[in-house]
Amino acid sequence: MVGIGDMLGDPAVRAYLLRLIEAEGLELLEKFPPEGEYSDEELAEKTGINLNTVRHTLYTLYERRLAEYRRIKNPETGWLTYLWTLRSDRFYPVIGQDLERILDILQKRERYEEENDFYICDECGIFTFNDVSDTNFTCPACGGAVKHFDNEMLLVALKHRIEEIRSTIGNA
């Protein structure tokens, strides 16, 4: 099994986690002890990271099935303690699923951008050909002038991002 330290060296994993749990959460993962279960309080103490940040990171990872906990009850006080572990075996599958979902969204947007001609009103924003042709090529919102909008740069960026994701998925 690949350890969390190895995965954090992977730029794709690191970028994904940075977006998901931000820099402080990434710092927690870098300092997370390799084996065992730990309470959020223990993790905060061992890593020097704020308890709220530790909790937020753990719950965010839990929502993505990247961390799990076991609940134990103190028989004397009745207090519950949550002991957390990271699921490094799930990182690549979860990231792959998210990338597949993002790829689908980007491909739909790419088709939309390719299949439409756009016009822009300086006051109201961007409209499709169908929107402005119905109003005699004036802004449907304010009636002002519209001018053609070239979306070529956006299309190039979309295509580039789609290829990057395909490449990442293909290498996983």
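Two strands count as paired if DSSP finds at least two bridges between them. I took helices (H or I, at least four residues) and strands (E, at least two) as DSSP runs, numbered from the N terminus.

**Entry: the model.** I noted that this is a predicted model, in which local features need pLDDT of at least 70 and side-chain atom pairs count only at pLDDT 80 or more, while totals for chains, interfaces and linings use all residues. Residues are numbered from 1 along each chain as its sequence is written, and side-chain values use heavy atoms, with hydrogens and water left out.

**Entry: the sheet.** I found 3 strands in an open sheet, in the order β5-β4-β6, with antiparallel pairing. β5 (125-128) and β6 (147-149) each have a single partner strand and stand at the edges, so one side of each has no neighbour in the sheet. I looked up β4 (residues 118-121) and counted 4 bridges to β5. Tyr119 has Phe127 in β5 as its bridge partner.

**Entry: two helices.** I checked α2 (residues 11-31) against α5 (residues 88-115): their axes (lines fitted to C-alpha atoms over the stretch in contact) come within 11 Å and cross at roughly 130°. Angles run from 0 to 180 degrees between N-to-C directions. Under 35 degrees counts as roughly parallel, over 145 as roughly antiparallel, 65 to 115 as roughly perpendicular and the rest as oblique; α2 and α5 are therefore oblique to each other. For contact (heavy atoms within 4.5 Å), I listed Val13, Tyr16, Leu17 and Leu29 in α2, which meet Phe91, Tyr92, Val94, Ile95 and Asp98 in α5.

**Entry: the chain.** I counted 7 helices and 6 strands. Buried residues (under 20% relative accessible area, 1.4 Å probe, protein chains only) make up 34% of the 172.

Notes: Buried < 20%, exposed > 50% of the residue type's maximum accessible area, 1.4 Å probe, protein only.
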